[in-house]
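Please examine the sequence and the model before reading each solution.

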Amino acid sequence: LQSEECDYWDVRRRISTPDGDFFHVDMKYRHFDQSNDSNNDDDKNDMWWRSTTTPEKNQNSAGTVLILHGLESNSNSTLSVEMAQAYVGAGFDVAFLNFRGCSGVPNDSLNFYHLGFNDDLIYLLD
């Protein structure tokens, strides 16, 4: 994990994009066994963030909630963490998409997110 990350999240995944850049998705699992974690590498492995594809981590999960932040925010904001805590407390796993340039790690290109930029969200969901 990067030094600018919040201690709240269990796993950070770096997702490479088709245009040569990346974004980060932070995960909080209802039940997390760090010894079984092999998901910190850079790939888009068949919806790894969905509870139904990782039963070893999410045996008692009610599903996965995907949270998106607003302008100039990220997964470390108080609101983001409190939303994740509420969903985890209700029995869900949480995937938090940090838009480009918002995760505390500089991006590889000059492309940044803006209000109408949804390429990374579409890429994650496809």
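**Exercise 1.** Which residue lies over the face of Y8?

*Solution.* This is a predicted model, in which local features need pLDDT of at least 70, side-chain atom pairs count only at pLDDT 80 or more, and totals for chains, interfaces and linings use all residues. Residues are numbered from 1 along each chain as its sequence is written, and side-chain values use heavy atoms, with hydrogens and water left out.
Step 1: a charge sits over a ring if NZ of Lys or CZ of Arg is within 6 Å of the ring centre and within 35 degrees of the ring normal.
Step 2: K28 lies over the face of Y8, 4.6 Å from the ring centre.
Step 3: R14 is placed over the face of F22, at 3.7 Å from the ring centre.

**Exercise 2.** Determine how W9 and F96 are arranged.

*Solution.* Step 1: rings of Phe, Tyr and Trp (its six-membered ring) pair if their centres lie within 6.5 Å; planes under 30 degrees apart count as stacked, over 60 as edge-to-face and the rest as tilted.
Step 1: there are 4 aromatic pairs in the structure. In one of them, W9 and F96 are 5.7 Å apart centre to centre with 55° between the planes, a tilted pair.
Step 2: both W9 and F96 are buried (under 20% relative accessible area; exposed is over 50%, partly exposed in between, with a 1.4 Å probe and protein chains only).
Step 3: Y8, W9 and F96 form one aromatic cluster.

**Exercise 3.** Classify the pair of Y87 and F92.

Step 1: Y87 is partly exposed at 35% relative accessible area, and F92 is partly exposed at 26% relative accessibility.
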